[in-house]
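Please consult the sequence and the structure shown below while reading.

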Amino acid sequence: MSLACSRSLFFMVFVAGALALGVSYYLEYAVGLQPCGMCVLQRICLAMLTGVCLGAAIHGPGRLASFVYWLLGLLCSLAGTVTAWRQVLLQTSPVHQLPACSTHLSELFADTPWLNVVQQMFNGAADCAQISWTLFGLSLPEWSLLFFVGMTILSLQQLLRLVCIACRRPLSGESSHPALAGD
């Protein structure tokens with residue numbers, strides 16, 4: 001895959017992430033679904049992934065920078081996968097075992113450090129376990145999990161491809177492509 005193809009792949013991931021963000025804002029502001037803390041964390045992970053891919057698409061990176069961009073994308077995707085997976089688990093657990101609805105995020109961030117807020121969100125609350133919208137029988141966190149797993153697989157595939165290309169390069173320092181030897 002050439003550099004132009006890598007750049008277009010970053011752009012396609014950016015477009016997919018921007019569409020997913022657009023859908024989440026549409027569901028919040030047009031349909032009236034209020035996001036819980038876990039939904040906000042997933043949205044932050046998605047925004048970071050989208051931003052990394054936009055930066056890579058604009059930059060048009062070489063092999064080393066592509067590796068760094070895909071690694072950053074993998075980290076964002078993994079964070080989103082873990083967050084969505086936790087929310088899917090919360091949705092399958094009995095609601096009466098979960099603590100009462102959490103306070104508003106701005107109140108939480110005003111009183112406690114951000115790491116404690118994230119830990120409280122991962123412990124779960126009744127508002128994160130509610131299924132308020134489905135499409136084809138899947139809830140929003142399940143759709144989010146599918147998206148993040150797909151992006152994780154794509155990032156891993158691209159990272160492995162770049163590592164394989166780097167490993168095929170001869171150790172002597174000469175080019176493995178005779179046509180490029182004069183460059």
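**Helix H7 and the overall fold**

In H7, the buried residues are Pro 141, Ser 144, Leu 145, Phe 148, Met 151, Thr 152, Leu 154, Ser 155, Gln 158, Leu 159, Arg 161 and Leu 162; buried means under 20% relative accessible area, exposed means over 50%, and partly exposed lies in between (1.4 Å probe, protein chains only). The model is predicted, and local features need pLDDT of at least 70, side-chain atom pairs count only at pLDDT 80 or more, and totals for chains, interfaces and linings use all residues. Residues are numbered from 1 along each chain as its sequence is written, and side-chain values use heavy atoms, with hydrogens and water left out.

**Architecture and confidence**

- The protein contains seven helices and two strands, where helices (H or I, at least four residues) and strands (E, at least two) are DSSP runs numbered from the N terminus.
- Read from the N terminus, the order of elements is α-α-α-α-α-α-β-β-α.
- The mean pLDDT of the protein is 78, and 67% of the residues score at least 70; pLDDT is the predictor's confidence in each residue, from 0 to 100.
- Among the elements, helix H2 (residues 37-59) has the highest mean pLDDT (90) and helix H4 (residues 105-111) the lowest (60).

**Surface and contacts**

- Of the 183 residues in the protein, 35% are buried.
- The accessible surface is about 10,900 Å², and carbon and sulfur atoms account for 69% of this area; such areas come from the Shrake-Rupley method with a 1.4 Å probe, and for residues only the protein chains shown count as cover.
- Contacts (heavy atoms within 4.5 Å) between residues at least 6 apart in sequence join residues at least 24 apart in 83% of cases.

**Helix geometry and record annotation**

- H7 has 29 residues and spans 42 Å from its first C-alpha to its last, close to the 42 Å expected at 1.5 Å a residue; the expected span is 1.5 Å times one less than the number of residues.
- H2, with 23 residues, reaches 33 Å between its first and last C-alpha, close to the expected 33 Å.
- After H2 comes Gly 60, which has a positive phi near 65°.
- An unreviewed UniProt entry lists residues 9-28, 40-60, 67-85 and 143-163 under "transmembrane region"; its positions are given in the numbering used here, feature names are shortened, and annotations may be inferred rather than shown by experiment.
- Residues 9-28 are 100% helix and 0% strand, with end C-alpha atoms 29 Å apart, while residues 40-60 are 95% helix and 0% strand, with end C-alpha atoms 30 Å apart.

**Two residues and their neighbours**

- Leu 154 is located in helix H7 (residues 140-168), and its contacts, not counting residues up to four places away in sequence, are Leu 9, Val 13 and Trp 70.
- The C-alpha atoms of Leu 154 and Leu 74 are 8.5 Å apart, although 80 residues separate the two in sequence.
- Ser 66, in helix H3 (residues 63-92), is buried because its relative accessibility is 2%.
- Ser 66 touches Ser 6, Phe 10, Pro 61 and Leu 162, with residues up to four places away in sequence not counted.

**Cysteines**

- The count of disulfides (pairs of cysteine sulfur atoms within 2.5 Å) is zero.
- The cysteine sulfur closest to that of Cys 76 belongs to Cys 45 and is 6.9 Å away, so it is too far for a bond.
- Cys 167 is in no disulfide, and the nearest cysteine sulfur, in Cys 164, is 6.4 Å away.
- Cys 76 is buried at 7% relative accessibility, whereas Cys 167 is exposed with a relative accessible area of 60%.
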